[in-house]
Amino acid sequence: MTPSSSLDTAGAAPHDEHHDDHPSYLVDGTTIKSWLLTVDHKRIGVMFLFFILLFFLVGGIFAMLLRVELLTPGPTIMDAMTYNRTFTLHGLVMIFLFMIPAIPAVFGNFMLPLMLGAKDVAFPRLNLASFYIYLTGAVFMLWGMLNGGLDTGWTFYTPYSTHTTTTVAPVMFGAFIIGFSSIATGINFIVTCHTMRAPGITWFKMPLFVWAIYATSCIQVLATPVIGLLTVLVAVENLFSFGMFDPARGGDPVLFQHLFWFYSHPAVYIMVLPAFGVMSEIVSTYSRKNIFGYRAVAYSSLGIAFVGFFAWGHHMFVSGQSTFDAGVFGVLTMLVGVFTAIKVFNWVGTVYKGAVDFKTPFAYFCGFLFFTVFGGMTGIALGTVSLDVPWHDTYFVVAHFHFIMVGATIMAFLASLHYWFPKMFGKTYHEGWGLVSAALIILGFNATFIPQFLVGNNGMPRRYYDYPERFQALNVASTAGASLLAFGFIIIACYLTYALVFGEASGKNPWRSKGYEWVSESPPPTHNFVGPQVTFPEEPHFYVDPKKAEVPDAV
Amino acid sequence: MSELLNNLLFLPESASTFAERVDLLHHFVVGTTMVMSAGVGLAALFMFFRYRRRIPDQATEYVVPTLKTEFLFVSVPLVFFLAWFGIGFRDFTWVTTPPKDAMDVYVMGKQWMWKFAYPEGPNGVNVLHVPANRPVRLLITSRDVLHSFYVPAFRIKMDALPGRYTQIWFEATKPGTYQVLCTEYCGLSHSKMLAEVVVLPQEEYDVWIKDQRRGRLQDRQDALADTSLVPPVARMVDQGQVLAGTQGCLKCHSVDGSAHIGPTFVGMYDRVEKLDDGQTIRVDEAYITQSMMDPGAHLVSGYQNVMPTYQGKLQGPETAAIVEYIKSLRTPNVREGASEGPAYDPIQ
């Protein structure tokens, strides 16, 4: 418990006497039905967490199979067709079923109302619907992938995807359905931010995680319809020879790429912006500092969300688009880089004159900083038009997006899992194992993808089942790194499962954080707050000694 | 120095003029970003230690950046990023704008091989012969799905699109054999879609091409993998003339400059045409190809949209042959030899 902090005095007083009337959301109804039909944002978040972890496991197993196959040139454990299906499955599961919903649907769902002092999200039933829509889409996708599989890669490039005999249509239909879940969640969060803020929480007092989720939701609502439309068009073309993208029927294959990246480039920010938000919370909590440049970080989220819509052409520098287009998209790509740089500088600046407690989530913050900086910088290099010519579609690109998009997201996902574990389940995990596995994962991630940067530099294209022998040494190194990574994840699975069952009670606020979500109980009761309207501290993460508090105007 | 950096970065051998430009910028960008990133990282690590927590509920100062600090955060990266963009875009424009004196080679990707055709013959599969120190313009297309023509040693790459031509050029600096890889996923044997570029000194190239045009079988070690796939050696112009007759082009397009249902082929290439929507277009390989595949897309002003599409009726090499035939009918004098170089003035 936090002694003498404004958090404890604020509105938490009556909780002891009401304890029996207001059990935690985990035990308020223990039947399966009470979980499956719940409209509680916290339970929905936990159900999302369960399935997202399941899909992460599936995607991870396929990643390991790919790495083992690439140990030697030529066939190692599978044939070319199986390999092509495996990398497609890996990409689709990881992107559509894990990364896009990972942080918003689990932690966004759980934390957003807590951080805004609301009882729930604005549309609780829509929230539950979005969970079942997600599951339905996932079932379609997995059914299509297992029942025949598809070999187009997650990008579905036409005209290959309209020629191939594999099961493109059901998988794309699955992606189409999942899109609705994404849109529903996005609308829900936007409305929640606008209408459900507790008295006193103005826009610029919202925690930065809320800002990030808000920006993400805007992208989801605006961009997802385009991929929905596109998947329908490709499925129709595949089934009925529609002639939209296939030049043999008068279509335009490059049109597909424009529409695809118009969604999929912003989708990168759907994945990574929530990660940025999580890290803003974590760096504040563990260094006991208000975020350095709060407004700069908040505005840069919106900046990334906006400019991110106009950078899609950098995926197509060598696709035959005009030189003029390459120039426009090249410049806009650099602007996205600047927004990200602002965030990085402000996170590092937050530590300045802080009080760092090096706990597991902070270890993931270090990893996150590393992957964001190096992944971002290789992104700038790739956005430099002429450098992209040799790099395009090589392992350099694979390594780059695994650093910035996957690395940053996984670091943030694991950091939030640890940071909010006490909040969600009221238990503590073993700190020592936490640090060990964090070290293993960060090392493993580097050992996996740094060789891939180099092998890409050396000229190895992506999606290669077979490769010239000169690429072998680096591929072996990458596979070795991947096994280290897998080992790290196994450790986490073990101690977190243990902590869930046998973990010690964490108390209300084990990190002594002054983030808004810690104002409520841990785990919170069903309607989050009990008694009269809670009041929130002046601003989130305010760690100044109250006696000498004198707040200058933030930039 | 640059050799050492290339080895550290695992860059492949550099064997074209573009490779030299790219590598220079590569060193600049990678060097600067790595140093800056390491700087940020070390500063962070130092602060993690310097500002470690001493008491559990330690209070901290309220620090916010000044406008000047935020301005620095924005402007320093912006200046570097824009500088790199500037250099990169200049080089990109350079590599997508072939010089006037470039030699043309038609490249066609199909699942899962590369075909090469010289305007004056011969055609080849999976082996491209070019002279050293001479600009070569590649006119790239695909017969089925997307492919991408990538030569790591030259640092060039361009997608091959069905029904369209894309172009890129290179000037090889060292004789030798260089691998070509397909970098756009194209199905089952994507990773086996390999070819090679054989760069010969000019004299040897001249001998080679003369032998080829005489129809002599190759006796080199890197002989064609599958000779059955190689069409008979012929000038593309001759093939094109035959095709223009058999495919019915000449029913509407005259070859003596007279007016007919469609624009005359004489002097068509490199002409600036006024379109029916008021825009103008310079007739190049891409436009001629598009007009065969999708005749109504850019209609020349004054003509009816009556031409049928040849999509699916003409294969990549046949399209290329007709393009070559039209290129040979340039005014004022109808050209005899192979076509050379692009139709426009390169950007310097």
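Me: In chain B, what share of the contacts with a separation of 6 or more comes from residues 24 or more positions apart?
Reply: In this predicted model, residues 24 or more positions apart account for 68% of those contacts in chain B.

Me: And how much of chain B is buried?
Reply: Of the 348 residues in chain B, 39% are buried.

Me: How many helices and strands are there in chain B?
Reply: Chain B has seven helices and twelve strands.

Me: Turning to the open sheet of five strands in chain B, what is the strand order?
Reply: The order is β3-β2-β1-β5-β8, with mixed pairing. At the edges are β3 (123-125) and β8 (166-171) of chain B, each of which pairs on one side only.

Me: How far are neighbouring strands of this sheet turned against each other on average?
Reply: The average is 25°, with direction ignored.

Me: Which way do β1 and β2 of chain B run, parallel or antiparallel?
Reply: Strand β1 (residues 103-110) and strand β2 (residues 113-117) of chain B run antiparallel, and five bridges join them. In general, strands of a sheet pair through backbone hydrogen bonds.

Me: Which residue in β2(B) is the bridge partner of B:Tyr106?
Reply: The partner of B:Tyr106 is B:Ala117.

Me: What is the helix and strand content of residues 235-330 of chain B, and how far apart are the end C-alpha atoms?
Reply: The span is 34% helix and 6% strand, and its end C-alpha atoms lie 17 Å apart.

Definitions and conventions: Residues are numbered from 1 along each chain as its sequence is written. Chains are lettered from A and ligands numbered from 1 in the order in which they are written. This is a predicted model: local features need pLDDT of at least 70, side-chain atom pairs count only at pLDDT 80 or more; totals for chains, interfaces and linings use all residues. Two strands pair if DSSP finds at least two bridges between them. Helices (H or I, at least four residues) and strands (E, at least two) are DSSP runs, numbered from the N terminus. Axes are lines fitted to C-alpha atoms, for helices over the stretch in contact, and angles run from 0 to 180 degrees between N-to-C directions. A residue is buried if 20 or more other C-beta atoms lie within 10 Å of its own, exposed if 12 or fewer, and partly exposed in between; C-beta atoms are placed from the backbone. Two residues are in contact if their C-beta atoms, placed from the backbone, lie within 7 Å.
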